[in-house]
Amino acid sequence: EDFSAYDIVLSNNLEIHGQLEIFSFDVPFTLYFSPYALENGNIQLRGEAVELANFSLPVSGVMSLLARQLELPEFIAVDSNRQIIEIYLIELMEDYSFDLAVTQINLEEDIIEFNLGMDREMLTNQLD
């Protein structure tokens, strides 16, 4: 399954809404994460809470189920034991002509800052 079946919402945290298959039933869930900018420019999402129908499951358990049911691209790593998802922006940008690094994330203050690096020659070719 791919990400198109999931909704990602930014509010005071990052929320992933979707459905997990549990005992052959599709069960709606919401995972709540606190996002952090890492010094290397990557994004780390720390699992904070989960809503899963009427079931009481730990965040790590739901993250583990989600990771097994999704075909994750190589630039996303899930560590369900530590309740962390890491997004490797350098690997994500390998197919593009620019670099992207997150410098600050503060959703409560509505701040998301990135550094964008572009090759000077590529940029001047685009402007000509």
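Does S80 count as buried or exposed, and at what relative accessibility?

**View 1. S80 sits in the loop between β5 and β6.** At 16% relative accessibility, S80 counts as buried (buried means under 20% relative accessible area, exposed over 50%, partly exposed in between, with a 1.4 Å probe and protein chains only). Skip the neighbours within four places in sequence, and S80 is in contact with S60, M63 and S64 (contact means heavy atoms within 4.5 Å). This is a predicted model, where local features need pLDDT of at least 70 and side-chain atom pairs count only at pLDDT 80 or more, while totals for chains, interfaces and linings use all residues. Residues are numbered from 1 along each chain as its sequence is written, and side-chain values use heavy atoms, leaving out hydrogens and water.

**View 2. Helix α1 (residues 59-69) has buried residues V59, V62, M63, S64, L65 and L66.** They pack against β2, β3 (25-37), β4 (43-52), β5 (76-79) and β6 (84-87). Helices (H or I, at least four residues) and strands (E, at least two) are DSSP runs, numbered from the N terminus.

**View 3. L20 lies in strand β2 (residues 14-22).** Its relative accessible area is 0%, so L20 is buried. Not counting residues up to four places away in sequence, L20 touches F25, D26, V27, F29, L52, V62, L65, L66 and Q69. L89 is 69 residues from L20 in sequence and 26 Å away in space, C-alpha to C-alpha.

**View 4. D95 is in the loop between α2 (89-92) and β7 (98-106).** With a relative accessible area of 73%, D95 is exposed.
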